[in-house]
Amino acid sequence: MTAVTADSQEAYEAVFNAAVAADERIEPRDWMPEAYRATLIRQIAQHAHSEIIGMQPEANWITRAPSLRRKAILMAKVQDEAGHGLYLYSAAETLGVSRDELLDKLHSGRQKYSSIFNYPTLTWADVGAIGWLVDGAAITNQVPLCRCSYGPYARAMVRVCKEESFHQRQGYEALLALSKGTPAQHAMAQDAVDRWWWPSLMMFGPPDDESAHSAQSMAWKIKRHSNDELRQRFVDICVPQAESLGLTLPDPDLRWNEERGHYDFGAIDWSEFREVLKGNGPCNEQRITQRRRAHEEGAWVREAAAAYAAKHSDRKTGDETRETGEATA
Ligand SMILES: [Fe+2]
Ligand SMILES: [Fe+2]
């Protein structure tokens, strides 16, 4: 490896900055600042962890889905989330970390996942509310990531977003069925929305002036819009959808602001967000315990896959030797 002198470091940096400024993609073999690499690893890992931990609250309802149709849809959705985790771990691996390393950090609490998944799913309506609000917030966050400066992350997001919009619609449709059902079903849908609304708004992260990584991520074009911009966009989308659903959003301060051309909304309880982030949410302990158990119980699958891959590559090497042998005979 050639030594990188201060001059060549500057030249590399100039090429990188020019590529970012020109909206070109940075690819795994391109030179990138170490802080850019570290930021992406942290963000993509946290995203991947959220996808797989996010399987738990909804999987809780697979065995109790109210019909075969709902069960099939929910199973497909939860499987999609596993797939999202895999695309994202693969995207992170292009930055020089291994999936094992990232999972180890998740299991030991050194890397986080989205706080939203530390809330419980108390009724079937929660599956609808998660699809509509949590997947809806995820789409709002992730559509701009399709234009993120890091190629593998941006490309993974294109497919993830297509699947997320299916998730959002299935949640909306499940809630609509409940909302138009019996008074008890309507009340169940309303209760779920009342519990998931505020945590969904927190998914966009702290307000812009308190967001530690935002400015640098925007300069690197990893992030395209600020937390508050995306949160506002989400509120503006949800208000008319809630009206069509025949449900109310639990915020007395929610009203159209003609001047701003946006909905005003009430203050978010950031102390709750910080508590959940610290590990004191209703389900933090349960989620991570279940994740560790699933990982341990899956050890035999990983071993079998590795043994199969080794056998396969031995056989391939054997074939090549034989071919070479024939050619020289
Ligand atoms: Fe997902
Ligand atoms: Fe999803």
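1. A residue is called buried here if its relative accessible area is under 20%, exposed if over 50%, and partly exposed in between (1.4 Å probe, protein chains only). By that rule His 84 is buried, because its relative accessibility is 0%, and Glu 51 is likewise buried, at 7%.

2. The model is predicted, so that local features need pLDDT of at least 70 and side-chain atom pairs count only at pLDDT 80 or more, whereas totals for chains, interfaces and linings use all residues. Residues are numbered from 1 along each chain as its sequence is written, chains are lettered from A and ligands numbered from 1 in the order in which they are written, and side-chain values use heavy atoms, with hydrogens and water left out.

3. The iron ion (ligand 1) is coordinated by Glu 51 (OE), Glu 81 (OE), His 84 (ND1) and Glu 164 (OE), at 2.0 to 2.2 Å; donors are N, O and S atoms within 2.8 Å of the metal (3.2 Å for Na, K and Ca), and since water is not among the atoms, sites may look incomplete. The spacing of these donor residues in sequence is E-x29-E-x2-H-x79-E. Glu 51 belongs to helix α2 (residues 34-53) and His 84 to helix α4 (residues 68-93), so this pair, 33 residues apart, links distant parts of the chain; helices (H or I, at least four residues) and strands (E, at least two) are DSSP runs, numbered from the N terminus.

4. Why is the arrangement of the four donor atoms around the iron ion (ligand 1) irregular? The angles that they subtend run from 86 to 141 degrees, and four donors count as tetrahedral if all angles lie between 85 and 135 degrees, while four count as square planar and six as octahedral if opposite donors are over 155 degrees apart and all others between 65 and 115, anything else being irregular.

5. The iron ion (ligand 1) lies 3.4 Å from the iron ion (ligand 2), and Glu 81 coordinates both.

6. Rings of Phe, Tyr and Trp (its six-membered ring) pair if their centres lie within 6.5 Å, with planes under 30 degrees apart counted as stacked, over 60 as edge-to-face and the rest as tilted, and the count comes to ten aromatic pairs. One of them joins Tyr 36 and Trp 220 edge-to-face, at 5.5 Å centre to centre and 85 degrees between the planes.
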